[in-house]
Amino acid sequence: MQKHKILAFLAALVVSVALWVYAVTFVNPDDTTTISDIRVRFTGTSLLATRGLMLTGGEEQFVDVEVSGRRSDLKELNSSNVEAVADVGNIDTAGSFEVSWTLNPPATVASGDIRLINTNSNRVKVKISERRDREIPLEIVYAEGEMVEGYLRGESLMDAQSIAVSGPAEEVSLISKATIALDLTEATQTFSEQMSFSFVDEQGEVMELSDYTTWDVETVGVTVQVLPYRDLVLEAVIKDGGGMTKDDVSVSFEPRSVRVTGTAEALDKLEQTLRVELDLATIQGDESTSLKRSVELPQGVTRMDENNSTNISVDVKISVSEEIDILRLQLSKAQLEWINGAEGVDYFFAEPDQIIEIRGKTDKIKLLRAKINAGELSVIIRIDVGLIDQTGMCPLQIVLPEGFGVGIFKEYSARIADSTNLPEAQ
């Protein structure tokens, strides 16, 4: 009897457990569960972009929810596969907003089978900003300090002259420029590298930009010439002539010196002066004058300027001493010598009042004038008739008296007539 009671009890227990398992496993009653730290995902950002807007706040938000549903479904849910989806596509202006969200379960659970019972926040806060695109100018900022003696910075070249920046208008508008910091104080050869840059505001302070602002490149190729140089002082090499010597003039140059660059070997051979030759016989008159002169640099050396030329053009100012004077003499007052003339033909100046100028020191000019007027001395003008051209012009060879140190600073020619061209007597 006792044995039958035990067997009945065990049978009842087995049936109860089976019913419980059936109820839990197959009947699947509704239940509730709480899920924490569900990430909010935003949609509609592409629509914001078409309106010149962008999401600039609120992306990192999480919500806690209590949901109900079949127990089997609830077991599928956790914070890694459930989303809270917020649509910002209807916002059409910049500002701060609160938007609602909907719960999005994983694909294995139908959204209609899950019901939201409670949440710690029905709406999430977002910030919408105006989007701005700008080309930010790029420049190199050199470290303070002197470069190595005998070297200086030459031309610079960058792969880009500006950086394309895009981001919130309130941030992008504050950018003044992009700068590349470069230290060449110890450099003795041309620098060439990829360089990073920083954005600075109008006060020159480096800006820390948010992740919302982006730009098109991270580095820029930079090449800066580092050139050896020499400063050469201009020096006049004066050739006496035309009745003046180097003691009768003072010379100044503009520029006073020139900076040149080139190969180290060529620079090492340079002297400290650059000579400019001046022939005083080519300087006109007795007044101060200005002229231009050119000097060719040695091979391998160029002027350090925009053109990097091998030719130096300088302005020369020549101041003439007050002790210099000019004697002006008519051709008719000179002693004439005719050479290679035809026999029986008389030659003469067509314009005998033409003037020649003789230059020298004032006291010598004064003495020469007196002796010419007294007939004690003559200025000889030698004319080679064989050199008369088709227009009647002929070069004049002027022979000045010795011992006066005077000279001629022009080349002269005169129109020559002869007796064969005279009109016949009536």
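Predicted model: local features only at pLDDT ≥ 70, side-chain atom pairs only at ≥ 80, totals over all residues.

Reader: OK. How many salt bridges does the structure hold?

Author: There are 20, counting a side-chain nitrogen of Lys or Arg within 4 Å of a carboxyl oxygen of Asp or Glu. In one of them, Lys-177 pairs with Glu-139, with the closest N and O atoms 2.9 Å apart.

Reader: Which parts does that pair tie together?

Author: Lys-177 is in strand S10 (residues 177–182) and Glu-139 in strand S7 (residues 123–142), so the pair links parts 38 residues apart in sequence. Helices (H or I, at least four residues) and strands (E, at least two) are DSSP runs, numbered from the N terminus. Lys-177 is partly exposed at 27%, and Glu-139 is partly exposed at 33%.

Reader: And what does Arg-230 meet in a salt bridge?

Author: Asp-268, at 3.1 Å from N to O. Arg-230 sits in strand S14 and Asp-268 in helix H5 (residues 264–268), so this pair ties together parts 38 residues apart in sequence. Arg-230 is partly exposed at 25%, whereas Asp-268 is exposed at 57%.

Reader: Switching topic: which strand is joined to S14?

Author: S16 (residues 257–262) is joined to S14 (residues 220–239) by five bridges, and the two run antiparallel. Strands pair if DSSP finds at least two bridges between them. Leu-232 stands opposite Val-258 in S16. S16 is also joined to S19 (residues 301–303) by three bridges, again antiparallel, with Thr-261 opposite Thr-302.

Reader: How many residues are in the largest nonpolar core?

Author: It has 26 residues, and those with the most contacts inside it include Phe-349, Ile-356 and Leu-396. A nonpolar core is a set of buried Ala, Val, Leu, Ile, Met, Phe, Trp, Tyr and Cys residues joined through side-chain atoms within 4.5 Å. Among the elements supplying at least two residues each are strand S24 (355–361) and helix H6 (362–373).

Reader: What is Phe-349 in contact with?

Author: Leaving aside neighbours within four places in sequence, its contacts (heavy atoms within 4.5 Å) include Leu-331, Trp-338, Ile-381 and Arg-415. A second, separate core of 25 residues includes Met-244 and Leu-270.

Conventions: Residues numbered from 1 in each chain as written. Heavy atoms only, no water. Buried < 20%, exposed > 50% of the residue type's maximum accessible area, 1.4 Å probe, protein only.
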